[in-house]
Amino acid sequence: MKKLKFSKQHVLFSVLFVSVMLLPFATDALLGRGWVRIVDFAMLYIMLALGLNIVVGYAGLLDLGYIAFFAVGAYCYALTGSPHLALAFPLLFPDGLHLSFWIVLPLAALLAGGFGALLGAPTLRLRGDYLAIVTLGFGEIIRIFMNNLNAPINLTNGPQGISRIDPVSVAGVALNTTQQVFGIELPSVHLYFYLFLSFTALVVFVSRRLEKSRIGRAWMAIREDEIAASAMGINTRNLKLLAFAMGAAFGGVSGTLFAGFQGFVSPESFSLMESVMVLCMVVLGGMGNIYGVILGGLLLALLPEVLRHSVVPLQQALFGRIVIDPESLRMLLFGTALIAVMLYRPAGLWPSGVRRRELESDEVAP
Amino acid sequence: MSSALLEVRGLKVAYGGIHAVKGVDFYIAPGELVALIGSNGAGKTTTLKTLAGLHAASSGQIHYNGLSLLHIPAHQRVAMGMALVPEGRGVFARLSVAENLLMGAYTRGDKAQIDDDLARMYALFPRLVERRDQLAGTLSGGEQQMLAMARALMSRPRLLMLDEPSMGLAPLMVKKIFETIKEVAAQGMSILLVEQNARLALQVASRGYVMESGAITLSGVSAELLGSDAVQRAYLGG
């Protein structure tokens with residue numbers, strides 16, 4: 001019996017693995033290459049959502065400025081992997097600085113983590129709404145800095161952003177080119193898909209390990225009752241800082257990948273709306289549950305694109321002209337979906353077992 | 001009193017401009033069960049939280065096992081053997097009973113001994129065995145109090161500090177909780193019991209201190225306090 005169960009899981013896993021590996025090809029064939037790119041972006045969002053899940057889902061610290069860490073990671077690679085620094089320091093870097101992505105990545109994660117701790121330190125005593133307001137401010141400060149640091153030294157190129165960022169290279173192969181592997185043609189978006197897939201897998205693995213670890217349990221204790229957690233001998237200060245730093249590092253990694261993939265960053269990509277979006281992914285999918293968060297990230301990253309591609313043709317066909325702008329419709333549908341989920345599935349679409357049990361017993365208890 | 005496990009001298013605590021504790025002195029000898037009684041707002045909980053390191057003292061001395069605690073943060077005091085059962089129990093509502101108990105042993109690394117202690121806790125509180133996989137938030141108030149006590153005991157403390165264990169519980173449950181307190185004390189645990197229910201507290205304690213608006217106004221052996229006119233009038237409604 002036991003062997004059968006094992007092989008069943010094995011089969012399920014293999015099927016899942018193969019379908020994910022074939023996903024870019026299927027998407028390409030059915031929907032076109034543009035959609036593979038959209039799926040790539042969805043993976044970046046999933047990584048972000050998983051990072052925020054550590055802060056919000058595990059440690060219970062509401063962070064509304066999370067996109068700032070994505071920005072830190074993105075600008076890290078934008079500055080060190082593009083010709084841009086030649087503008088700021090022509091004598092020092094006549095061609096700009098072209099560090100390898102793989103050197104910048106850990107440094108960016110570290111720096112983003114440092115920024116996370118920097119945000120965490122002054123907010124240690126804050127909770128809930130108050131913490132949300134401070135983190136929101138922090139997110140905006142970072143974005144405004146990026147927007148204005150083009151003077152006196154042109155560090156970030158202001159609102160124009162930084163372009164011509166080097167693509168990510170794996171084993172000497174630049175991923176912005178089309179590659180032939182065993183006679184199969186792999187365009188750039190496919191290559192990035194596999195890169196992002198491996199990073200997402202890594203983030204999932206780390207998240208899972210953290211969740212089951214002593215640190216993860218301490219985070220959850222802090223989330224439940226900080227005073228009691230402290231009375232258990234948990235160093236609440238350090239663990240809260242660690243949650244901020246850990247979540248931020250994930251955001252930084254995702255941002256670095258974003259810069260390499262996109263080849264261009266500008267402050268516009270890091271608005272408050274993006275922070276809200278990532279938070280919605282976590283809450284909608286199921287706070288604290290890795291698979292729920294992945295589902296939420298996937299849905300919310302794909303939804304706007306689906307609308308963009310369906311709303312305009314649909315309206316053209318029905319009315320002969322565009323009645324509602326897809327962008328406004330997006331927010332309308334988005335808001336409705338959020339309200340519906342909160343009303344009918346308050347623990348998220350795919351809640352963690354604990355949250356589900358809690359809500360079920362709430363219904364029974366009174 | 002150098003043989004005392006805990007010795008508090010001239011302890012003052014202020015926060016937000018309020019002087020909650022205005023210089024208190026007391027001690028607990030090893031193995032003793034001492035009650036700190038007084039009405040609502042007398043400063044009992046603040047005193048206890050300061051002992052646990054959750055509030056900073058503005059002045060005064062706290063010696064535990066001969067060591068000054070002034071600069072020792074809360075989480076290290078647990079490792080030194082001080083365990084607090086906070087007011088309102090403070091169970092981790094969305095963790096299971098078993099997970100709550102394991103959190104109590106957070107400062108310990110000895111897996112085998114932790115398992116032993118888990119078994120001992122389930123023996124001491126048989127109610128918790130049936131509820132092992134249930135979320136702590138779904139337990140009744142009395143069960144939560146048992147869980148909070150068991151969780152505190154999981155750190156293998158030398159000094160157990162209980163904050164209002166009878167609060168909000170049905171009389172039958174209060175009786176049960178106090179029987180357990182006596183049982184734990186009988187095993188040699190030093191206990192500081194903070195209670196509004198003066199009669200109950202003095203019935204199980206060997207000595208007691210009466211606290212009023214931030215200061216200790218009376219102290220003595222429990223039987224004496226129970227019989228004293230001042231305590232009778234103020235707390236026992238006689």
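Two strands pair if DSSP finds at least two bridges between them. Helices (H or I, at least four residues) and strands (E, at least two) are DSSP runs, numbered from the N terminus. The structure is a predicted model, in which local features need pLDDT of at least 70, side-chain atom pairs count only at pLDDT 80 or more, and totals for chains, interfaces and linings use all residues. Residues are numbered from 1 along each chain as its sequence is written, and chains are lettered from A and ligands numbered from 1 in the order in which they are written.

**Exercise 1. Determine the strand order of the open sheet of four strands in chain B, and explain what is found at its edges.**

Step 1. S1(B) (residues 6-15) is joined to S2(B) (residues 18-28) by eight bridges, and the two run antiparallel. One bridge pair is Glu7(B) with Tyr27(B) in S2(B). Two residues lie between the strands of this hairpin, where Gly16(B) has a positive phi near 55 degrees.

Step 2. S1(B) is also joined to S4(B) (residues 59-64), by five bridges and again antiparallel. Here Val8(B) is opposite Ile62(B) of S4(B).

Step 3. Two bridges pair S4(B) with S5(B) in the antiparallel sense. His63(B) has Ser68(B), in S5(B), as its bridge partner.

**Exercise 2. Describe the contact between the two domains of chain B.**

Step 1. Domain 1 covers 1-81 + 157-238 and domain 2 covers 88-156 of chain B; such bounds come from an automatic or database domain assignment. Their C-alpha centres lie 23 Å apart.

Step 2. Residues are in contact if their C-beta atoms, placed from the backbone, lie within 7 Å. Domain 1 of chain B gives 12 residues to the contact and domain 2 of chain B gives 10.

Step 3. On the domain 1 side, the elements giving two or more residues are H2 and H7 (171-186) of chain B. H7(B) has the largest share, four residues.
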